[in-house]
Amino acid sequence: MVKHDSRQQGAWRAPLGAALVTLAAMAIVACGGSGSSSASRTATAASIGKGEGKLNVIAWEGYTDPKWVKPFEQQTGCQVNAKYAGSSDEMVTLMRQGGGSQYDLVSASGDASLRLIRGGDVQAVNVNLIPDWVNFIPQLKSPPHNTVGGKHYGVSLQWGPNSLLYDTSKVTPAPTSWSVIYDPRYRGRITVPDNPIQIADAALYLSKHQPSLGISDPYELTASQLDAAKQLLKQQRPLIKKYWALASDEIDLFRNGDAVVGAAWPYQTNTLQADKAPVKDMIPSEGATGWADTWMLSAHAQHPNCAYQWMRWVSTPKVQAQQALSFGETPANTTACPFMDQIEKGSCARYHANAPASYFDSIRFWKTPTTDCGNGRNDCVDYGAWQQAWTEVKG
Amino acid sequence: MSAEATVRRAPRGGLRGRASAVLFRRAWLRAVLLLSAPGAWFVLIYLAALAILFVSAFWRVDGFTGKLVHAWNVDNFRQLVENPTYRTIALRTIGIAAAVTVTDALLAIPFAYFAARLASRRLQAVLFVIVLVPLWTSYLVRVYAWRLILAKDGIVNWALHGIGLGSVDVAYSNWAMWIVFSYIWLPFMILPVWVAFERVPASFLEASADLGARARTTFRRVLLPLVLPGVVAGSIFTFSLTLGDFITPTLVGGAGSDFIGNVVYRNVGIASNVPFAAAFATIPLLVMAVYLAIARRLGAFEAL
Amino acid sequence: MSDTRASRAALAVWATLIALFLLAPILLIVLYAFNPSNVQSWPLHGLSTKWFSSTWHNQEMRQAFGLSVRAALISTGIALLLGSMAAFAVHRFRFFGREAISFVLVLPLALPGIITGMALNSFFAFGGVSFSLTTIVIGHATFCIVTVYNNVIARLRRTQTSLVEASMDLGADGWQTFRHVTLPVIATALVAGGLLAFALSFDEVIVTTFTAGAQNTLPLWIFGSIRLGQNLPQVNVVVLFVIALTFVPVVLAQRLTRDTGVVRMTAGRRR
């Protein structure tokens, strides 16, 4: 038998082949650069067609509870895939991923909605296809955060305040002001959200305690006003146990003694109270920031009919009530009140679902900071600067 | 060797027989065929992706539209160097990764020695399953469980209080991250060290004893050098896994616990600033390159 | 080596402590599957089995579980194929760049997951590829290949190449040799590598975060559930279920890999 030595024979050819493969690969990669994007729908829908069988949404945690998703899926045949986002910023990024056709709907808060509209990521919605829209509280029919130039870029959903949460057994006397979260007495026992929009909370506090700064809107800050807020937050930094990123962070912090006071959503309060933790929440004398969420339709939605059916479904009073009580927020639909009381007695009043407009107006709702100060001047700082400031505060 | 000869040597006709014979004779052809698929996968996907990542570190994002601008610049790196925040984060990440690696080595070496050389076969099997079960249990949930253990009113303090030792306040801090990372990656250190101990021939130890060395001397002078590659192999995992993590800092870290991974994640997933994230990601990339080069010299690759 | 009785005892105590350290959080996870509340606090206030049925009926969880199983199966399949091909090539042939191949294959294992994740993320974004099961599988297979490669090449190094040559000399063709000689030799290495690849893929979070689209894998579902914590004990129930399901493969793997040593089985990474 001829002795063959494969090792020497192939010695130079294999690497040559590999090199060719590499070159070819580089060429392919180099050419595949341009992103694809489908044409966006220009006209708003005039009617809702047959469902596409599927619906991909980006939502706040808890916004796609089986309680109302299941009946929706059964009725419409639209199977709901939910992606949870931890912040408004994350929602914006997710919406733009993969050419923007990955998701159909997003439950954007006011600090993301304008960015999505200006970025062309969302399309106008025909509110006439949402029968319950007429029952919305007047402030949320065409609010400035989702309606631009008379065009509705989505339907309002729910709203609520960012409240002050405290441990009644450890924080005495009961706080009346946000000053408690800047108080060295509670060093290492304070928690606030890990979110650049939190700067507005500091600005709101400063607008009352340092009137000389001239802050009138906590989302419209000049460079020097932002600096003052940043300064306050930097002083607060050593007092913070943890900047909470997940709602469960704050729940665990309060339940297991690591935090005694902090800024929270009502959801955390409800969950903790249900677990019999000694906590309470309140709106301090300075007022509160808050959120008003909108379901917005992607400009490149692949399942627009299911999306419309979803917007219609979540606007109905019963679902509105279910979601309000599940998450701890207030429905946009005023007719949800009796359904709320039906699920939980007295809950309508507790969440101010029947409150006068003045209550709604007392909350400073999240909106995207822009250079436009709303007074003709353009000397405010935009959200990019807020993000930068927040990184510096935490670092 | 000519093709003619090849064909003549093939006893059976038919396409399959002929192909098989050609392949058997043409070793280089086999090598190319075997390598083409995995090679293409790695070159077309993995290396190309790494290349794009590295290149994009020199691009920037348009502040207004959020779109990528292919304009070459080193602003991202300048920002990294000039802003002390990022330096702190990088040093914290590398420091904790190193601390975790050393801790895991210290925890693992005696355990692996016991498991490999002292435990009975049955006990070995039990220990092996104990080391493996954590690897089959959701990483996220194991990290989450530690919150309850370390919390102020958690299990550790409950136990300390029970034996009258007061309490510790380690929850949501760098200490908590150090403990949890050490826990999470410990099996990755134990396993290669265990095998390294198993591979040391008993005759070496007998020879050492015969030459008058005491147990301690034998351990230090004979055993340790022989298991070092195993330790280094394990350390590649503990170090690199800690270096690239962002979930453990999110779950058990405190107010000042951001890792490189958190900044990268925020820039990719939230702020949509891939170029800056890419620039920051080159730090763990470089650190690992140096680490791997050293590990290779110490023979860790054979022990992987 | 003559260990003194005292040092043996000390080592036994140490091993026990480490074993407890490794197991304690897992026992806690199992315990809190029975937590009546959705908030974790110590000690447990009572026991409840109510989460078991709600978990069973959780459609979102089922879909995530299904997606994870599919992703893990496909990734493992790709890893088995490509990993053993690479192992054969590197083992049988000497060529320039051979060392580099081993090195490149180990890279996804040795580089931090966040780098692999965001590299693939910008790669797909650059190519205009939208995220789906395919992108998840691509991410997973990339770091799974090396686990199979490691196992198979270790086995091949212990196998004499003369076996294959003898088979060919006895008139078997390439396929027959592969089927009757090579495959039996590497079979258990494939099982061990495949099991590990499956486990790695099934629990991967970091790379998946960057490569998944609208659909959640099980770890992403778990992360989503942890965020709000509304049905937190459901997560524990799922983990308990997965442990019960994988316990048999773990024990099996232990038996199969006795000859190759534990590390081949596990020389991978969990992210």
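## A strand with neighbours on two sides

Let's start inside chain A: strand E8 (residues 163–167) of chain A pairs with strand E11 (residues 261–264) of chain A in the antiparallel sense, over four bridges. This is a predicted model, so everything described here is computed from predicted coordinates. Within the pairing with E11(A), Leu165(A) has Gly262(A) as its bridge partner.

E8(A) also pairs with strand E12 (residues 279–282) of chain A; four bridges join them, and they run antiparallel. Here Tyr166(A) finds its bridge partner in Lys280(A).

How many of the five residues of E8(A) are buried? The count is five of five, so the strand is largely enclosed by the rest of the structure. Both of its faces are covered. Ser163(A), Leu165(A) and Asp167(A) are buried on one side, while Leu164(A) and Tyr166(A) are buried on the other.

Chain A has another element worth a visit, helix H11 (residues 317–327). Because eight of its 11 residues are buried, H11(A) is largely enclosed by the rest of the structure. Among the buried residues are Val319(A), Ala321(A), Ala324(A), Leu325(A) and Phe327(A). The buried set also includes three glutamines, Gln320(A), Gln322(A) and Gln323(A).

What follows the helix? Next comes Gly328(A), which has a positive phi, near 90°.

## The two domains of chain A

Where the domains of chain A meet, 12 residues of domain 1 are in contact with 11 residues of domain 2. On the domain 1 side of this contact, there are four nonpolar, five polar and three charged residues.

## Getting to know chain B

Of the 304 residues in chain B, 52% are buried. Looking at contacts in chain B with a separation of 6 or more, 67% come from residues 24 or more positions apart.

Chain B is also divided into two domains, with domain 1 at 3–46 and domain 2 at 75–303. The C-alpha centres of these domains of chain B lie 44 Å apart.

## Where chain C touches chain B

Chain C and chain B are in contact through 80 residues from chain C and 87 residues from chain B. Which helix of chain C gives the most to its side of the contact? That is helix H1 (residues 5–31) of chain C, with 15 residues. By class, the chain C side has 57 nonpolar, 16 polar and seven charged residues.

## Two helices crossing in chain C

Our last stop is a pair of helices. Two packed helices are described by the angle between their axes and the distance between the axes. For helix H7 (residues 162–169) of chain C and helix H8 (residues 174–202) of chain C, the axes come within 10 Å and cross at roughly 145°. The crossing of H7(C) and H8(C) is right-handed.

From H7(C), the residues that take part are Leu163(C), Val164(C), Ser167(C) and Met168(C). They meet Thr177(C), Val181(C) and Thr182(C) in H8(C). By class, the contact of H7(C) with H8(C) has four nonpolar residues, three polar and no charged.

How values were computed. Residues numbered from 1 in each chain as written. Chains lettered and ligands numbered in written order. Predicted model: local features only at pLDDT ≥ 70, side-chain atom pairs only at ≥ 80, totals over all residues. Contact = placed C-beta atoms within 7 Å. Nonpolar A, V, L, I, M, F, W, Y, C, P; charged D, E, K, R; others polar. Buried ≥ 20, exposed ≤ 12 C-beta atoms within 10 Å, placed from the backbone. Domains from an automatic or database assignment. Axes fitted to C-alpha atoms, helices over the stretch in contact; angles between N-to-C directions. Left-handed = near helix turned anticlockwise from the far one by under 90°. Pairing = 2+ DSSP bridges.
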